[in-house]
Amino acid sequence: METEIPILKGRSVVVGVSGGIAAYKAADLTSRLVKAGAQVDVVMTPAAAEFVRPLTFQALTHRPVALEMFALWQETEIGHVSLGKRADLMIIAPATANTLAKLAHGMADTLLATTALACRGPILLAPAMESGMWANPATADNMKVLERRGYFSVGPESGRLASGADGLGRMSEPETILDAARWVLGRRGPLAGEKVVVTAGGTREAIDPVRFVGNHSSGKMGFALAAAARDRGAEVTLVHGPSAQRAPYGLRAVAVESAEQMQAAVWEAAGDAAAIIMAAAVADYRPKSAAEHKIKKTRGELALELVRTPDILAAVAQRRRQSGAPRAVIGFAAETDNVLENAREKLARKGLDLIVANDVLAADSGFAVDTNRVTLIDGGGVVEALPLMSKTAVAEAVIDRLAALLRRV
Ligand code: C5P
C-alpha cells in the first residue's frame with residue numbers, strides 16, 4: 001500500500017544532522033521522508049558522523065551525504081551553498097546547542113551551518129541536548145532569536161536523556177518531526193485561514209464506572225483526515241473519542257468519551273468553522289442512566305435500557321440551514337448492507353454536501369485496518385467510487401473535495 005504523502009512528494013528536503021546521540025533517530029526520520037516521496041539530501045556535521053556513519057544515510061537516500069565544506073567532488077556535484085538554495089525545506093535534527101548558537105549568529109564554519117545560512121525555504125529545528133544546556137539562558141536566547149527570524153521548531157520533549165537523567169531535552173520522535181514538517185510545508189496551502197473541525201474514533205457510553213457501550217472504531221480515518229486538512233494549511237480542531245492514535249502536530253486535539261461530550265465539543269468548535277467532517281463512529285444509543293457503582297453480578301439476567309444520543313451531524317447541518325455556517329458539512333456512512341442506498345438516504349436526510357460511504361464488513365475496509373474502499377456521493381447526487389486505498393490516501397481525496405467545496409461557497 002502506498003505511503004507517499006502529497007505535501008512531501010517530490011519536494012526537496014535537506015536533513016541537517018548535528019552531533020548528538022539523537023543522530024540515530026535522524027536515520028529513521030530520513031527513511032520516513034524518503035518513503036513519503038521527498039527527495040532527501042543529508043548534510044552532517046563532523047561530530048554527527050562520530051555517532052552515525054554517513055553510509056547509513058547514503059543507503060537510505062541513495063544520494064551522497066554532504067559532510068565537508070570544500071570536498072572536491074561535492075563542490076562540483078552540489079557545491080557548498082546549492083543544497084540550501086534548492087531546498088523546499090531544511091530540517092535540522094538533532095539541532096544541538098552548538099548548532100543553534102551558530103545559526104543564531106549566522107556562522108558558516110560547517111557545511112550544515114552554511115547550508116542553513118544559504119537556505120531560502122523554511123527551516124525546522126528539532127533541538128536535542130542535555131536539559132541544563134537547553135535551560136541555559138544562552139540557548140534560550142538563541143532559540144528566541146531564531147524563532148523571531150522565522151525558524152520553526154518542534155520539541156524538545158521530556159524523557160530519559162543520554163546522561164541517564166530524566167529531563168527536558170529529548171529530540172521529538174521522528175514521527176512527530178515528520179508531522180511538523182508537513183505542517184510547515186502546508187501552512188500556506190489551499191485551506192490556509194480556514195477552520196476545520198474533524199471528529200474521529202468511537203464514543204463510549206457508560207454503563208457503570210468500569211463498563212461502557214462502545215464500537216470498533218480505531219480513529220485512523222479521522223486522524224488521517226485531520227492531518228490531511230492540516231497539510232493544506234487548515235486550522236484544525238480534532239474532536240476524538242478514546243484512540244490509540246497519536247494526535248498529529250499542528251492541530252488542536254480535544255479528547256472526549258461520550259456522544260454528549262462530543263456534541264458539546266463539536267458545538268463549541270463549529271461556531272466559527274468553515275467546515276465539519278464527522279468521521280467519528282458516534283454511538284446511536286446510550287444506557288438510560290449510568291450506575292454510580294459497579295453493577296454486581298447476580299444469577300439472573302440483566303437488561304440495559306438504552307436511549308437515543310443526539311445526532312451531532314444532523315444538528316450541525318440544521319444550524320447551517322439557519323445561519324449559513326459552517327459552509328461545508330461532510331459525513332461518513334459505515335454500512336454493512338445496501339451501502340449506496342443507505343448513504344444516499346443519509347446525505348439527503350442530514351442535509352450534507354458530501355458523504356463518504358464504506359462497507360465495514362469487507363476485510364480490507366472499515367474498522368481498524370489501514371486501508372479503505374469508499375464511495376463519495378455529493379449533494380448533486382454525483383457518485384465517485386474510489387479504489388482500495390490507504391486511509392491516508394482516502395483522507396487526501398476527501399480533503400481535496402472539501403477544498404473544492406469551500407472554493408464554491
Ligand atoms: O446515521 P449514521 O449514524 O449512520 O450516520 C453516520 C454519520 O453521522 C457519521 O458522519 C457520524 O459521525 C454522524 N453521527 C453523528 N451523531 C450521531 C450518529 C452519527 O454525528 N449520534
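Guide: Let's begin with threonine 114, which is found in helix α7. Keep in mind as we go that this is a predicted model. Is threonine 114 buried or exposed? The cut-off for buried is under 20% relative accessible area, so threonine 114, at 7% relative accessibility, counts as buried.

Now widen the view to the helix around it. Helix α7 covers residues 111–118, and seven of its eight residues are buried. Besides Thr114, the buried residues in α7 are Leu111, Leu112, Ala113, Thr115, Ala116 and Ala118.

From here, let's move on to the sheet. Eight strands form an open sheet with mixed pairing, and their order is β12-β11-β8-β13-β16-β17-β19-β20. At the edges stand β12 (252–255) and β20 (383–385); each has a single partner strand, so one side of each is left without a neighbour in the sheet. From one strand to the next, the twist averages 15 degrees. In general, strands of a sheet pair through backbone hydrogen bonds, either parallel or antiparallel.

Helix α11 (residues 220–231) lies across β8, β11, β13 and β16, and it runs at about 170 degrees to β11. Helix α14 (residues 339–350) lies across β16, β17, β19 and β20, running at about 155 degrees to β17.

Helix α14 also takes us to the ligand. Along with α13 (312–323) and β16, α14 supplies at least two residues of the shell around the ligand. Which residues come nearest? Of the 14 residues around the ligand, they are Met278, Ala280, Pro310, Leu313 and Lys346. An N or O atom in the side chain of lysine 346 is 2.3 Å from an oxygen atom of the ligand. For alanine 280, a backbone N or O atom lies 2.7 Å from a ligand oxygen. For leucine 313, a polar backbone atom is 2.8 Å from an oxygen atom of the ligand. On its own the ligand has 450 Å² of accessible area, and the protein covers 89% of it.

Finally, follow the loops, where some backbone details are worth a stop. In the loop between α13 and β16 sits proline 326, joined to alanine 325 by a cis peptide bond with omega about -5 degrees. Another cis peptide bond joins glycine 155 and proline 156, with omega about 5 degrees; proline 156 lies in the loop between β5 and β6.

Asparagine 338 is found in the loop between β16 and α14. Its phi is near 40 degrees, a positive value in a residue other than glycine, and at 48% relative accessibility asparagine 338 counts as partly exposed. Histidine 62, in the loop between α3 and α4, has a positive phi too, near 60 degrees. With a relative accessible area of 70%, histidine 62 is exposed, whereas threonine 114, where we started, is buried.

Note on methods
Residues are numbered from 1 along each chain as its sequence is written. This is a predicted model: local features need pLDDT of at least 70, side-chain atom pairs count only at pLDDT 80 or more; totals for chains, interfaces and linings use all residues. Side-chain values use heavy atoms; hydrogens and water are left out. Buried means under 20% relative accessible area, exposed over 50%, partly exposed in between (1.4 Å probe, protein chains only). Helices (H or I, at least four residues) and strands (E, at least two) are DSSP runs, numbered from the N terminus. Two strands pair if DSSP finds at least two bridges between them. Axes are lines fitted to C-alpha atoms, for helices over the stretch in contact, and angles run from 0 to 180 degrees between N-to-C directions. Contact means heavy atoms within 4.5 Å. A residue is near a molecule or strand if one of its heavy atoms lies within 4 Å of it. A polar contact is a pair of N or O atoms within 3.5 Å; within protein, one must be able to donate a hydrogen and the other to accept it, and residues adjacent in sequence count only if both atoms are side-chain atoms. Accessible areas come from the Shrake-Rupley method with a 1.4 Å probe; for residues, only the protein chains shown count as cover.
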